[in-house]
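Thank you all for coming; I would like to walk through one structure this morning, slowly, and to say what each term stands for as we come to it. Please have a look at it first.

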Number of protein chains: 2
Amino acid sequence: MKIIKKTNLIVNYGVFYLNQDRDIVVIGCGAGGGTSAQFARKTNRKSSVTVFEKNKYPQYSKCGLPYVISGVIRDPMDLIEFSQDWFKKAKIDLLLNTTVEEIDVENQLVVGKKDNVTVKKSYGSLVIATGAQPTIPPIQNLTIDGRFVDGVFAVRTIDDVKNILPFVQKNKRATIIGAGFIGLEMADALYKRGMLVTVVEALSHILPRTFDSDMAEIVQGKLPGDVTVFTNYLATKVENISGRINKVRIKNNENGDEKTIDTDLLIIATGVKPEVALAREAGCKIGETGGIVVNERAETNIENIYAVGDCTEYVDFVTKKPVPVGLGSIAVRQGIAAGVNAAGGNYKLLRGVLQTSTSEFFNIEVAAVGPVTNCLNDFSILTGKFNGFSHPSYYPGGKPVTAKVLVDEKTSKILGAQVVGDKAGQRINTFACAILSELDVETFKKLETAYAPSIAPTLDVVTLVCDIVSKKLEYKN
Amino acid sequence: MKIIKKTNLIVNYGVFYLNQDRDIVVIGCGAGGGTSAQFARKTNRKSSVTVFEKNKYPQYSKCGLPYVISGVIRDPMDLIEFSQDWFKKAKIDLLLNTTVEEIDVENQLVVGKKDNVTVKKSYGSLVIATGAQPTIPPIQNLTIDGRFVDGVFAVRTIDDVKNILPFVQKNKRATIIGAGFIGLEMADALYKRGMLVTVVEALSHILPRTFDSDMAEIVQGKLPGDVTVFTNYLATKVENISGRINKVRIKNNENGDEKTIDTDLLIIATGVKPEVALAREAGCKIGETGGIVVNERAETNIENIYAVGDCTEYVDFVTKKPVPVGLGSIAVRQGIAAGVNAAGGNYKLLRGVLQTSTSEFFNIEVAAVGPVTNCLNDFSILTGKFNGFSHPSYYPGGKPVTAKVLVDEKTSKILGAQVVGDKAGQRINTFACAILSELDVETFKKLETAYAPSIAPTLDVVTLVCDIVSKKLEYKN
């Protein structure tokens, strides 16, 4: 078994090595596209594999961008996971700065342009991995001549980060619009660099897509006192001096209260919208969330066309409803499927996404899996919440961990979980496995977790929180 | 929901609160006995609950003893998890220094002795939690007049630790017999105190009950260079000067090679044997591993008599064969069952023990679940091993993690796993959940684990290691 040490990806994933030739083309070299190309290459050593990438960088980690701002990662170029040279050695043709203008489905051709030169490439299999663009909220005066006012940025690309860095200055003010993972990671990064940080969230609590309000409140309570957070506030207008931002106006959703925040830097972190123009023109079905509809094999509705990553939507494992694919971890898994299948193999994804996610900011580790309560309206759910510790009481240095679990009252199955605190990310994986296994809470609460004084208590919060729901179930029945 | 903050145990576990009175007696106030008493009290508020404990300390953590030696825990008394006062407040009669001499099954009486005074207590339900005693290997001259030579100790009680502490001295030599968790935790503790440490293991690799030899080698390779480890060596003889140990002689199992180790302190950490004399006399069935046989309700073969903890054996979840109960985590879970059931409730344990375990020594975190390869002779197994990292390659400070997984070739089910490195304890819980769910490796390898640059890579070692077995399965089929 050969292993690419650089990323922990296993090279020889499929074992087929078909003899048939089949030109494989991938549009986009993000996590999903790059992974597709890799796995296509491993699966079929005879096919050509070509990747079109409109920007100038080969595959890099978007999730790592905030850590370049914080200085934890020194050079934005360190985010590149697979260099152009790596692709060359892997015998994958990576065409950078090459924009695809059309997918000619009838002739199975991808038509692109590089430096005004038209590039055509026929495909046997095509993987669309066009990603997503930041959503820009309707803020007055945000742009001048179609470009952001100086000091206003989204955080989506290496170039964004390169452009932000000169604005990062101690004791200057930064405002972040959006309190999801990226927003809070950026808040932490700018805070670490000595900036005075304000976070503005339009919804009623931070981390609205990942956490229920009660858990989000716990997280918010752990933020440093000098980080200002406004929830239920929309940014309405920016002001500038000589084209450079100096204020942002925000307005309360509920009571109309308005505030003006002095700011030298404004970060837009209000999510993304899938980039599906090419796919739509090609005839790919676009789903209700705005992403390309794909199945377990990462196939679109068009034969030989696959799609992966942020430009797609897929079914949620629990609700069975489509959700946007917005996590790098899912993009990579879809990339494995699309790559193997595009090359003639057969790889099926799980029948839905668990949406396992984690983040860390201000030394607070958070993680979640499954839908939040607001997305479980079709279920009658019982929830439990437990405040525990990372270690037995007698062992010094124990850290708080709070877990919440969402359980289907009818079936007793675990539907979701949220964790704040010590090793939240690894703790949530245990819940993810429980959801994947459709385990009921009565069984899971008895899970024999690992115990040692220096590692974890005899009964871990992951099962103790289930006892609470179990008790509620007993009362109900 | 009332919570005892001190230990994370939920107080109101059962919801029955029976009106019937039933005297509940528990013999032994370790983790299993103490938990039984607690849960009996919570389940039935009208019964009397009495605990007989032959030693002078109320419930304390045996697993914490090495950390008193290392100095991480300052005072051995800090290990006490529930004080005599706590038991009093909980309305549990805790009789310390009281040795039970007989269980009179016919008359449902426990007969004990405290300070030569006979104590009799009738029981409606009885929980036997008599624990285990250290096994003492047949080492010549280990004892004088039935007592250990000065400087020779087991590590089982607070008194052991109090007696060891005066022998802990910088630059002096310590030898540990047995390289299981306790042995290596003690080695680490004494090393931290500046002692020169030698570990002697009779079997062919360290951690023989928890780890396969290949994984144990990885652990051994991470030990500090100045910790000496002899595997395949039996201690045969000690020498003393004026009754105080100064040498231990060891002999190679295979080639008969003999060595003499200068030592000022000898720690015996070669496991335990269940303390079953009382239970046997009472007619309780003793199983093939030497422990009291108990079922899912923690019942022995005698009506109204339960048994929990190190004095029992229970069925392994995977092999369905009896195994000694040697983990505090299992004792506590049995204690819940015995306590609830002794009080008239109905609580069933999982149908077997997963043997999830973890430890940390010399800054190496290790964890395992399920049987080791040597205990899976009835299965045809495939294994995978993967060396990965805790973080994506571009994120600084990534730590190595190695995982091994054991899979049933016939059913593809995960049977066991072993992890060395970053967050091994929490990582193993995900495998524990997979085993509990009887998940096959093809499904588990697709588990969507939590990813964030500062937390974990897009594909975690827990699933990457499964890809390797999955590939082996493909070749086979």
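How many bridges join strand 24 of chain A to strand 25 of chain A, and how do the two strands run? Three bridges join them, strand 24 covers residues 312–315, and the two strands run antiparallel. Before I go on, please keep in mind that this is a predicted model, in which local features need pLDDT of at least 70 and side-chain atom pairs count only at pLDDT 80 or more, while totals for chains, interfaces and linings use all residues. Residues are numbered from 1 along each chain as its sequence is written, and chains are lettered from A and ligands numbered from 1 in the order in which they are written.

Helices (H or I, at least four residues) and strands (E, at least two) are DSSP runs, numbered from the N terminus, and two strands pair if DSSP finds at least two bridges between them. Within the pair I began with, E313(A) has P324(A) in strand 25 of chain A as its bridge partner. Both strands belong to an open sheet of three strands in chain A, in the order 22-24-25, with mixed pairing. Its edge strands are strand 22 (292–293) and strand 25 (322–324) of chain A, each of which pairs on one side only.

Let me turn to the two chains together. Chain B can be laid on chain A with an RMSD of 0.0 Å by a turn of 180° and a shift of 0.0 Å along the axis, where the superposition is by least squares on the C-alpha atoms of residues with pLDDT of at least 70 in both copies. The two copies are thus related as by a two-fold rotation axis, and in chain B the C-alpha nearest that axis, 2.1 Å from it, belongs to T430(B).

As for the interface, 76 residues of chain B are in contact with 76 residues of chain A, contact meaning that the C-beta atoms, placed from the backbone, lie within 7 Å. On the side of chain B that touches chain A, the largest share, 10 residues, comes from helix 9 of chain B, and the elements that give two or more residues also include helix 8 (328–342) and helix 11 (461–476) of chain B.

What about the interior? A residue is called buried if 20 or more other C-beta atoms lie within 10 Å of its own, exposed if 12 or fewer, and partly exposed in between. In helix 1 of chain A, 13 of the 13 residues are buried, so this helix is largely enclosed by the rest of the structure.

V294(B) is also buried, with 30 other C-beta atoms within 10 Å, and it is found in the loop between strand 20 (292–293) and strand 21 (305–307) of chain B. Leaving aside neighbours within four places in sequence, V294(B) is in contact with E299(B), T300(B), A307(B), T312(B) and Y314(B).

K237(A), by contrast, is partly exposed, with 15 other C-beta atoms within 10 Å, and its place is in strand 17 (residues 233–241) of chain A. The C-alpha atoms of K237(A) and I250(A) are separated by 7.2 Å, although the two residues are 13 residues apart along the chain. With neighbours within four places in sequence left aside, the contacts of K237(A) are I139(A), Q140(A), N141(A) and R249(A).

Conventions. Contact = placed C-beta atoms within 7 Å.
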